[in-house]
Amino acid sequence: MASEQKDRLQTIEVAKRNWQAEVETAQTYRDLAGREQDDKRKSVLLRMAEAEERHAQRWEKKLIELGVEPPVYKDTLVRRLNRWWNKIAGAEIAIRRMEATEEKQEAEFRDQAERAFAGEQDVQQFLRTSAIEEKAHARALNVMAPQVSP
């Protein structure tokens, strides 16, 4: 029984972290889209923000299924500093940072499907789908940012 409770608490913690990451990523895409001059790039960034918001909603649903109140997004000093840095550094650097974030999230989702949510088929499928979407986001961001010459 203690092991089941530990697993449940771990699942809740992972779901909360995933929710947080999705909300923050969506906010960053919306910030970038708000400053983007190119309509095509703006549209891509907004679609990626919407996808991240859908992912966050799925994690909210999972938390509710677990009997936990979904977290509330808090605008912390660290988050404000990240937004400031993205603004100061410029869109290209911010896009490169987001590309790295998407690649990291893809790897985390694949790992979670094997570990934290190993017994939950619906969550595993969602994680696999999310990992594919995160990889697609990373590719789209790679195309958006100019290549750095050696």
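Reply: Start with the term. Rings of Phe, Tyr and Trp pair if their centres lie within 6.5 Å. The model is a predicted one. A search of the whole structure gives 2 aromatic pairs.

Me: Why is the pair of Trp-59 and Phe-109 called tilted?

Reply: Their planes stand at 40°, with the ring centres 6.5 Å apart. Stacked needs under 30 degrees and edge-to-face needs over 60, so the rest, tilted, applies. Trp-59 sits in helix H2 (residues 39-65) and Phe-109 in helix H4 (residues 91-114), 50 residues apart.

Me: What makes Trp-59 and Phe-109 count as buried?

Reply: The cut-off is under 20% relative accessible area. Trp-59 has 1%, so Trp-59 is buried. Phe-109 has 2%, so Phe-109 is buried too.

Me: Why is the pair of Trp-59 and Phe-126 called edge-to-face?

Reply: The angle between the planes is 70°, and edge-to-face starts over 60 degrees. The centres are 5.3 Å apart. Trp-59 is in helix H2 and Phe-126 in helix H5 (residues 121-144), so this pair ties together parts 67 residues apart in sequence.

Me: Is Phe-126 buried or exposed, and how do you know?

Reply: Buried. Its relative accessible area is 14%, and the limit is under 20%.

Me: What links Trp-59, Phe-109 and Phe-126 into a cluster?

Reply: Ring pairs do.

Me: How do you know that Arg-58 lies over the face of Phe-126?

Reply: Arg-58 is at 5.4 Å from the ring centre. The distance limit for a charge over a ring is within 6 Å.

Methods:
Residues are numbered from 1 along each chain as its sequence is written. This is a predicted model: local features need pLDDT of at least 70, side-chain atom pairs count only at pLDDT 80 or more; totals for chains, interfaces and linings use all residues. Side-chain values use heavy atoms; hydrogens and water are left out. Rings of Phe, Tyr and Trp (its six-membered ring) pair if their centres lie within 6.5 Å; planes under 30 degrees apart count as stacked, over 60 as edge-to-face and the rest as tilted. Helices (H or I, at least four residues) and strands (E, at least two) are DSSP runs, numbered from the N terminus. Buried means under 20% relative accessible area, exposed over 50%, partly exposed in between (1.4 Å probe, protein chains only). A charge sits over a ring if NZ of Lys or CZ of Arg is within 6 Å of the ring centre and within 35 degrees of the ring normal.
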